[in-house]
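Visitor: Could you walk me through this one? I have not looked at it before.

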Amino acid sequence: MSQAAKHVGRVRKLFPDWAEEVSRLALRSEAFRTICEDYGMAVEALELLEMRNLPQDVQKMQEYRLLVQDLERELKYELLAARPEEERR
């Protein structure tokens, strides 16, 4: 599995009700794929930092948590924006 597919898969798990929409949008939007990749890499980095659990990484962990939250919001926004207007109501 490619890294991009792995990151898209992670986003599908994040939004299980929109899994098909995630896949479709990832296929047609390079910008969305990039956000998926950024999200996947940020989550992986945070998981590694949390696993190491070193005192000097506390600030970095907090920064990654905020980044992951921001990317989750951005992904949700992109998914909602891609839906047909009648479904957004």
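Guide: What follows is a short tour by question and answer.

Guide: This is a predicted model, in which local features need pLDDT of at least 70 and side-chain atom pairs count only at pLDDT 80 or more, while totals for chains, interfaces and linings use all residues. Residues are numbered from 1 along each chain as its sequence is written, and side-chain values use heavy atoms, with hydrogens and water left out.

Visitor: Okay, how many helices and strands are there in the chain?

Guide: The chain has five helices and zero strands, where helices (H or I, at least four residues) and strands (E, at least two) are DSSP runs numbered from the N terminus. Read along the sequence, that gives the pattern α-α-α-α-α.

Visitor: And what does the C-alpha trace span along its principal axes?

Guide: The C-alpha trace spans about 50 × 30 × 20 Å along those axes. The accessible surface of the chain comes to about 6200 Å², and 51% of that surface belongs to carbon and sulfur atoms; such areas come from the Shrake-Rupley method with a 1.4 Å probe, and for residues only the protein chains shown count as cover.

Visitor: How many of the residues count as buried, as a percentage?

Guide: Of the 89 residues in the chain, 28% count as buried, with buried meaning under 20% relative accessible area, exposed over 50%, and partly exposed in between (1.4 Å probe, protein chains only).

Visitor: Let's get to the packing. At what angle do H1 and H3 pack?

Guide: Two packed helices are described by the angle between their axes and the distance between the axes. Helix H1 (residues 3-14) and helix H3 (residues 30-52) pack at an angle of about 85°, and their axes are 8 Å apart. The axes are lines fitted to C-alpha atoms, for helices over the stretch in contact, and angles run from 0 to 180 degrees between N-to-C directions.

Visitor: So how are H1 and H3 oriented to each other?

Guide: H1 and H3 are therefore roughly perpendicular to each other, a label used for angles of 65 to 115 degrees, whereas angles under 35 degrees count as roughly parallel, over 145 as roughly antiparallel and the rest as oblique.

Visitor: Which residues in H1 and H3 meet?

Guide: On the H1 side they include Ala4, His7, Val8 and Leu14, and on the H3 side they include Phe32, Tyr39, Met41 and Glu47, with contact meaning heavy atoms within 4.5 Å. By class, the contact of H1 with H3 has nine nonpolar, two polar and five charged residues. Here Ala, Val, Leu, Ile, Met, Phe, Trp, Tyr, Cys and Pro count as nonpolar, Asp, Glu, Lys and Arg as charged, and the others, Gly among them, as polar.

Visitor: Switching to H2, which residues in helix H2 are buried?

Guide: In helix H2 (residues 19-28), Ala19, Val22, Leu25 and Ala26 are buried. They cover an arc of only 130° around the axis, which puts them on the same side of H2; the arc is that of the directions from the helix axis to the C-beta atoms. What covers these buried residues includes H1, H3 and helix H4 (58-82), while the face of H2 turned away from its buried side carries the exposed residues Leu27 and Arg28.

Visitor: Which residues does arginine 33 contact, leaving aside its neighbours within four places in sequence?

Guide: Arginine 33, which lies in helix H3, is in contact with Ala26, Leu27 and Arg28 when those neighbours are left aside. At 28% relative accessibility, arginine 33 counts as partly exposed.

Visitor: What about the loops, is phenylalanine 15 buried or exposed?

Guide: Phenylalanine 15 lies in the loop between H1 and H2 and is buried, with a relative accessible area of 13%. Not counting residues up to four places away in sequence, phenylalanine 15 touches Glu72, Leu75, Lys76 and Leu79.

Visitor: And in the loop between H3 and H4, is aspartate 57 buried or exposed?

Guide: Aspartate 57, found in that loop, is buried, with a relative accessible area of 5%, and touches Leu49 and Arg52, not counting residues up to four places away in sequence. Asparagine 53 is found in the loop between H3 and H4 too, but is exposed, with a relative accessible area of 54%. Asparagine 53 also has a positive phi of about 55° although it is not a glycine.
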